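Work through the exercises below with the sequence and the 3D structure in view. Try each task before reading its solution.

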Amino acid sequence: MANKISYLYTAHDKKSFDFFAADAAKCGAIVIIDPEKQTILLTTTEDKMTGTSDDPVYSLREIIHANELNVVANLIVADPDPIKEIADLTKKNEALKADRDRYAKWHSEAYAREDRIKKQVAAIAVLVDAIGQ
């Protein structure tokens with residue numbers, strides 16, 4: 001099995017991103033598009049990198065140059081597995097949601113205690129005021 005190679009393409013303007021994303025989506029490689037960051041992660045294998053129009057990296061490089069797009073490509077040295085990466089991010093997201101819910105519960109409990117104490121102090125102040133008259 002050939003090694004995976006990944007490139008992270010970063011567009012510096014929306015027009016370049018939109019144009020590039022449309023072509024990247026149909027290049028024949030694994031593509032992850034992030035519109036918020038205007039990035040596109042392309043993962044292919046070494047055996048597909050032939051230097052011809054069938055090569056996804058070569059064809060996208062040609063699109064960038066031919067259309068003068070403001071897109072920068074960076075080789076990702078690691079061998080990312082997009083499915084594993086998505087699973088890891090999903091686990092982190094679930095853990096963050098659990099933390100958020102736990103902190104929200106603690107906050108509401110602390111607020112209720114504080115509110116109860118304020119009401120008790122107000123009641124004591126009324127009693128002290130009544131005794132003083």
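**Exercise 1.** In which hand, left or right, does helix 1 pass helix 2?

Solution. This is a predicted model in which local features need pLDDT of at least 70, side-chain atom pairs count only at pLDDT 80 or more, and totals for chains, interfaces and linings use all residues. Residues are numbered from 1 along each chain as its sequence is written, and side-chain values use heavy atoms, without hydrogens and water.

Step 1: locate helix 1 at residues 14–24 and helix 2 at residues 56–66. Helices are DSSP runs (H or I, at least four residues), numbered from the N terminus.

Step 2: the two axes come within 11 Å and cross at roughly 155 degrees. Axes are lines fitted to C-alpha atoms over the stretch in contact, and angles run from 0 to 180 degrees between N-to-C directions.

Step 3: helix 1 and helix 2 are therefore roughly antiparallel, a term for angles over 145 degrees.

Step 4: the crossing of helix 1 and helix 2 is right-handed, where right-handed means that the near helix is turned clockwise from the far one by less than a right angle.

**Exercise 2.** Which residue meets Arg102 in a salt bridge?

Solution. Step 1: a salt bridge is a side-chain nitrogen of Lys or Arg within 4 Å of a carboxyl oxygen of Asp or Glu.

Step 2: the partner of Arg102 is Asp99, at 2.7 Å, N to O. Both residues lie in helix 3, three residues apart, about one turn of the helix.

Step 3: Arg102 has a relative accessible area of 34%, so Arg102 is partly exposed (buried is under 20%, exposed over 50%, partly exposed in between; 1.4 Å probe, protein chains only).

Key
Helices (H or I, at least four residues) and strands (E, at least two) are DSSP runs, numbered from the N terminus. Angles under 35 degrees count as roughly parallel, over 145 as roughly antiparallel, 65 to 115 as roughly perpendicular and the rest as oblique.
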